[in-house]
Amino acid sequence: MDRCHFLLDTVHMNAVHMNFVEFPSNQPRQAVTRTIKLSYEAEANFAAALSELRRLQSRLIRTAYQRLVAGMAQRDLYKRLRSEPVGQGLHTWLTLSGMKKASAIYARFPEGGIVFGGRRALVDRARGRMSREEWRSARLMPLYIEGHAKSYGPQGGNHLVTLDLAADQVIFHGPNNRDYPLRLRLSRKSREIRRRLAGLQARCESLRDTPFTVSINEHEIALTWKEPAAPMSPGIEGRVLSLDLNPAKLGWAVVEAHSSEPGSCRCVAWGVFEFPEFSRRLGLASDDPVSIAFSCKRRHELAILAKKVTLVAKHYRVSSFVKERLTIGAKDHGKGRQFNRLINQVWFRRGLLEPLERRLEQAGVAQAEMNPAFSSKIGNHLWADLLRIPDPACAAVELGRREIWRVNFPAPQRDSAKPPKPNVHRRRKDGVRARPRKGPALGGWCQVWSQLEPKAADARRRSRADLRPLLPPGNPRLAPLVNPRTKVLRYEPREGTSQPFGGDLHALCLQVAARSDL
């Protein structure tokens, strides 16, 4: 799908509490944004009309973006564009849609510095490796048609596009009052897509409260709309699903509170997804077709994992989902090239978390984040042998226990009588502090770990091979998968709910927090 490529890009994104965590159920929910992209078949003369409309709107989007970067106000932009040749020859709604697209690009890149068409294409054009027609084709953006819920006609949602799912087509109302039917290529297996599009058409015809935006290029059409927010799922109070993220593994655990004593929990179920094949080094260039197919396969498998984790949350009727609060950036971690490659390049967290958060939001499951400091060490040290759970599921158990029985470590208080060290705020030549400060949570869990008096052997991670003598025969089992071509191994237990645990650790956390609050 042709689209504009950007030159610059940014990715960014005290007292002690002992009470049991109650997850809110009345908070307003945000609507879920959904996009469906399909290939289509059209009349022979539609390609020429679409190419001309894309050329005019792409030129308008680039001009509008330049005007916004130069400091022009939004209210003066439409009048200025209409007075220039760049604003002539387009439908009014296509002009307004192009302005909306330019405003969205400006909101993300207000300083400018964008190459429409791609930096590599610009270099090829400057060096004579790309013709004038190829450069113009690279700068074309899909035809963008903004949605409008109260649009005129028998169907709302969009002024220039009408849905007709009975005939498996959408109708584009082009220039000169000519309609172009676009037949969608829907297979017999597209039952879910048909169901969602039919529901969107029904809302547009009856309620007229759901606008949908359309993007069309020479091969595909994309429809985007916001589905109404699902009501918050009640679930079982005090039962959470926790997730431990790793570059080649994914551990999950369902943990619930136990009323026997404060801080007590039980592990209802756990499981491990292993995908070491995704970290294999191909030895090929990034633009090689094999590398591109490998990256697409990894993205697809992570999306399937997000779907499976959501099914686990629905099956066990959890009231909340908790994951690690990770702020790991691309840098030299000081643990070798292989470790840096796994963390900086192979670990595609967004490919898993974005579809997972979207599915959990649609299912009505509350979501939270937890500081993962020392979760793997404490989980492997305390819960691996006790619950007979391998890593990283034991780290997920610790995250779930922390979410149910939260302990907020206060910031350490400084002694006013003791003067600060003379070089405490000085920096090195490279601008880094000599000793970075520890946050309250990291310092608190560090003290908890030291109170456990660990030995050198206690810091190692328990693998399935280490726990095999303690496990019954055939446990954990390699669960069967629907797709035999998948590269993901799925291990699940056969045991039931575990015995209560965690009361002593929660008491120790409260002691450490109370001691640091003095």
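In this predicted model, helix α4, which covers residues 119–126, packs against helix α5, residues 132–139. Their axes come within 10 Å and cross at roughly 165°. An angle over 145 degrees counts as roughly antiparallel, and α4 and α5 are therefore roughly antiparallel to each other. The crossing of these two helices is left-handed.

Two packed helices are described by the angle between their axes and the distance between the axes. Helix α1, made of residues 46–69, and helix α3, made of residues 92–108, have axes 8 Å apart. The angle at which α1 and α3 pack is about 45°. Where α1 passes α3, the crossing is right-handed.

The next topic is empty space inside the protein. Rolling a probe the size of a water molecule over the atoms shows where empty space is left. In this structure the largest cavity holds about 120 Å³ of space. It is lined by 14 residues, and the closest to its centre are N246, F275, L302, W347 and F348. Which elements supply at least two residues each to this lining? Strand β9, residues 249–257, does so, and so does helix α7. By kind, the lining of the largest cavity is made up of 10 nonpolar residues, 1 polar residue and 3 charged residues.

Some features of the backbone come next. The peptide bond that joins D391 and P392 is cis, with an omega of about 10°. P392 sits in the loop between α10, residues 375–387, and α11, residues 393–404. Two other residues have a positive phi without being glycine. One of these is R317, with a phi of about 55°. R317 belongs to the loop between α7 (289–315) and β11 (318–324). F374 is likewise not a glycine, and its phi is near 60°. The loop that holds F374 runs between β12 (366–370) and α10. Is F374 buried or exposed? Its relative accessible area is 19%, and buried means under 20%, so F374 is buried.

P355 lies in helix α9, which spans residues 350–363. With a relative accessible area of 12%, P355 is buried. P355 and K307 are 48 residues apart along the chain, and their C-alpha atoms are separated by 7.9 Å.

L452 is located in the loop between α12 (440–451) and α13 (464–467). Its relative accessible area is 22%.

S259 is found in the loop that runs between β9 and β10, the latter being residues 265–274. Is S259 buried or exposed? The relative accessibility of S259 is 77%, and a value over 50% means exposed, so S259 counts as exposed. In sequence, S259 and P500 are 241 residues apart. In space, the distance from C-alpha to C-alpha for S259 and P500 is 9.3 Å.

Terms used:
Residues are numbered from 1 along each chain as its sequence is written. This is a predicted model: local features need pLDDT of at least 70, side-chain atom pairs count only at pLDDT 80 or more; totals for chains, interfaces and linings use all residues. Side-chain values use heavy atoms; hydrogens and water are left out. Helices (H or I, at least four residues) and strands (E, at least two) are DSSP runs, numbered from the N terminus. Buried means under 20% relative accessible area, exposed over 50%, partly exposed in between (1.4 Å probe, protein chains only). On a 1 Å grid over the protein atoms alone, a cavity is a set of points where a 1.4 Å probe fits but cannot get out, and a pocket is an open set with protein on both sides within 12 Å along at least five of seven lines; lining residues have an atom within 4 Å of a point. Grid points are joined across faces, edges and corners, and a volume is the space filled by probe spheres set on the points. Ala, Val, Leu, Ile, Met, Phe, Trp, Tyr, Cys and Pro count as nonpolar, Asp, Glu, Lys and Arg as charged, and the others, Gly among them, as polar. Axes are lines fitted to C-alpha atoms, for helices over the stretch in contact, and angles run from 0 to 180 degrees between N-to-C directions. Angles under 35 degrees count as roughly parallel, over 145 as roughly antiparallel, 65 to 115 as roughly perpendicular and the rest as oblique. A crossing is left-handed if the near helix is turned anticlockwise from the far one by less than a right angle, and right-handed if clockwise.
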